[in-house]
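Hi,

Here is the model I said I would pass on.

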Amino acid sequence: MTSNAASPNHLQLTRDGQLRHFLTLDGLGRDLLTDILDTADSFIEVGERTIKKVPLLRGRTVVNLFFESSTRTRSTFELAAKRLSADVLNLDISTSATSKGESLSDTLLNLEAMASDMFVVRHAQSGAPHFIAESVTPGVAIINAGDGRHAHPTQAMLDMLTIRQHKGAFEGLKVAIVGDILHSRVARSQIRALNELGAEQIRVIAPGTLLPNDVESLGCTVEYDMTRGMKDLDVVIMLRLQKERMEGALLPSEREFYRLYGLSQEKLALAHPECIVMHPGPINRGVEIESAVADGPQSVILNQVTNGIAIRMAVMSMAMGGQVAERQQKLTEQTERGLV
Amino acid sequence: MSGMEHSSGASLKIIGGQLLDGHGSETANRALLIRNGRIVDSGEEAVNASADQTFNAEGCVITPGFVDLCCNLREPGNGQKGNIASETNAAARGGFTTVCASPETSPVNDSRAVTHLIRDGAATSSPIRVLPVGAVTRGLEGEMLSDMEGLAAAGCVAVGNGSRGVRNARILRRCMAYAQTFGLTVMFRPENQSLAADGYAHDGLVTARLGLLGIPEVAETASVMEMLLLAEETGVRLHLSQLSCGRSVEMIADARSRGIAVTADVAMHQLAFTEDALAGFDSRFHLRPPLRSEADRKALVAGVREGVIDAIVSQHLPHDSAAKQAPLPATEPGLSSVESVLSLGLILVQRGELKLTELVRGLTAGPASVIGRTAMISKDEVADLCVFDPGACWTADRLSLVSAGHHAPVLGQPLPGVVRLTLVEGQEVWAGA
């Protein structure tokens, strides 16, 4: 028996299969993901102009709702919205309303009253953007900027864009994700995207304490030994290790973690010579990655940041397009039924 | 005790339908005569007798009233989520004539005063029989023993620790030894709290994908094993409640074969749903214990079929809407389930997973025997009965639900099985169209 809850796709796609929210990569097909990458490619050029603006979201209000603090993600979303000519409101809710005991539902009601068109949401709880998409008025697009351990779909897509720029295509690629998979929303979205886009091999490299139960079901293989896992890699993605992971007996020490799972020049030498090194940032030098590697010729970490703006522009404009199309469709239907 | 100051002179005759008694017998009903709150006759005499009222049960199934070993009535202390009147009426609608009230009230039912408060509340506002379960430790804190003998004397049918468990094995052992002294049944939901930690979903495929905090199966199975060993040692009568894992069923069957006095129940939603119910972050299915894998579900159904699991419970836990209106991890666990138990069970029957007789046993004779009661349809028995039409459908929604909690497991879709009549001591406490 299944419950009668909305599936993620029912929620984030219009009837014609256009994006109207961007909550998760689950259920999005290869065509749509490729469409996002192609759209982002077209926006990269905008960032290289002197006047870095296109009018796609002119007159729209985008609210950055960050229930968890973030510098990079929030500022790239802000830049992306501004380059699309939207008005942007940044709300750092981690320090405001909810800390005064207001419930999320009540906060949302207040924001809706300000007639916003899009919420960019980061939240510490898995599924929060989903909940918001289900509970706000239709017409407001919800973009997930990272929720709990669940998903960080724009990060994964900017990573895919970076990979495509350097490798041309996904077919035949061997990719490894290294480190704290268990707590990582980034890893979950990356594994999903890589599978959908046709990567040949996705390895997760971590100790047993940092892997979710049944992780293979996501479409990856597990490797405990990093020296074996690095063999023939085309792409290695390092994850940030939160220092508090030592506390719940997940790891003995940073030193041991770095020795076994940190990306040093020696370990990188085991991969394909043209292997690129990625990291969603912010990096912990000497904890998960050696400085010489982070700053080295194979590192594309700063490209990722640049691509972040283009991907966010793509997703925001596409979701807004879906919302507009849906509204017009409803209006047409109402007119046909003689309601307007 | 419960609001059953029913006038007793009236007589009722139920004609037609199938009689299922909860012990496996299934006969066509010619006539069932009820007088003075008891079944007077089901034979020839009833056919010819005249009665004040006649109920035509053609096409219906007549069973003993359902007995729920795990129901939260929310009174005293949680009026915004429900109260004795609202939740016992919901139970009557679900075909239940007896519910065991969880000790997890506010204040906790750990003293005779609270037990009396619940019984008094039931006497004035419950149409059905309410049997309190006392707390095995004071305040359910898992630290000091409650006055168990006093609780039993005040009317508690068992002692348990609600959903909170007992963290310390030494105290758990003493709880059992003390309860055993007075021949009390202890009801525990097995959960090793340090393994369950902050989890709120089954540690499996769906948590891996959605990044939810998992509760591993071993959080239950390690606790089941510990409790079985302690029950064996202390000799207490142990009832394991709200199981979620297939492995638990195996361990219980094995313990029984060694002669340990253990019984068990499972919530209907564990038989009907799996972890997949959380795939869309549906907070209604935030449950404790969590819905687990399809393999677990099948093993639990088999446990009911084979009688290793004695009872099916509602684990009814009504909430106000705010408790469920938040991102999944921030919501409170529990379903408003008591009105849907029969319907979910009938779906299992339709799918051929359970026989109707097995379903009825799990809702009547099975749970009744756990608390030392009977649930039979025979001459001189108390007329606690449920008459339902398995072919009719109803739809659960905000308007149709009697419970104060509107988060029922299936909403807005037709469900099979309409309770036409619920009788407690021969009195009509629910009549459905």
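I'll start with the core. The largest nonpolar core has 242 residues, and the members that touch the most others are Ile143(A), Val178(A), Val235(A), Val236(A), Met316(A), Val159(B) and Val186(B). By nonpolar core I mean a set of buried Ala, Val, Leu, Ile, Met, Phe, Trp, Tyr and Cys residues joined through C-beta atoms within 7 Å. Buried means 20 or more other C-beta atoms within 10 Å of a residue's own, exposed means 12 or fewer, and partly exposed is in between, with C-beta atoms placed from the backbone. Helix 12 of chain A gives this core the most, ten residues. Helices (H or I, at least four residues) and strands (E, at least two) are DSSP runs, numbered from the N terminus.

Some bookkeeping. This is a predicted model, where local features need pLDDT of at least 70 and side-chain atom pairs count only at pLDDT 80 or more, while totals for chains, interfaces and linings use all residues. Residues are numbered from 1 along each chain as its sequence is written, and chains are lettered from A and ligands numbered from 1 in the order in which they are written.

On confidence, the predictor gives the complex an ipTM of 0.87 and a pTM of 0.92. Chain B has an average pLDDT (the predictor's confidence in each residue, from 0 to 100) of 95, with 98% of the residues at 70 or above. Residues 1–8 of chain B fall below 50, and this stretch has 24 contacts in the model beyond near neighbours in sequence. Where pLDDT is low, the predicted coordinates should not be read in detail.

Back to Val178(A): leaving aside neighbours within four places in sequence, its contacts include Ile205(A), Met226(A), Val236(A), Tyr261(A) and Leu263(A). Two residues are in contact if their C-beta atoms, placed from the backbone, lie within 7 Å.

Between the chains, 31 residues of chain B are in contact with 29 of chain A. Helix 7 (residues 205–210) of chain B gives the most to chain B's side, five residues. That side has 19 nonpolar, eight polar and four charged residues; Ala, Val, Leu, Ile, Met, Phe, Trp, Tyr, Cys and Pro count as nonpolar, Asp, Glu, Lys and Arg as charged, and the others, Gly among them, as polar.

Now the domains, whose bounds come from an automatic or database domain assignment. Chain A is divided into domain 1 (8–152 + 307–326) and domain 2 (153–303). Their C-alpha centres are 26 Å apart, and the contact takes 26 residues from domain 1 of chain A and 22 residues from domain 2 of chain A. Helix 12 (301–336) of chain A is one of the elements that supply at least two residues of domain 1's side, and it has the largest share, six residues.

Chain B has domain 1 (11–62 + 380–431) and domain 2 (65–370). The contact here takes 30 residues from domain 1 of chain B and 42 residues from domain 2 of chain B. Strand 19 of chain B has the largest share of domain 1's side, with seven residues.

One last item is helix 9 (residues 246–257) of chain B, which has twelve residues. Its buried residues are Gly246(B), Ser248(B), Val249(B), Met251(B), Ile252(B) and Ala255(B). Among the elements covering them are helix 8 (218–234) and helix 11 (294–306) of chain B. Just after helix 9 of chain B, Gly259(B) takes a positive phi of about 90 degrees.

Cheers

Note on methods. The expected span of a helix is 1.5 Å times one less than its number of residues.
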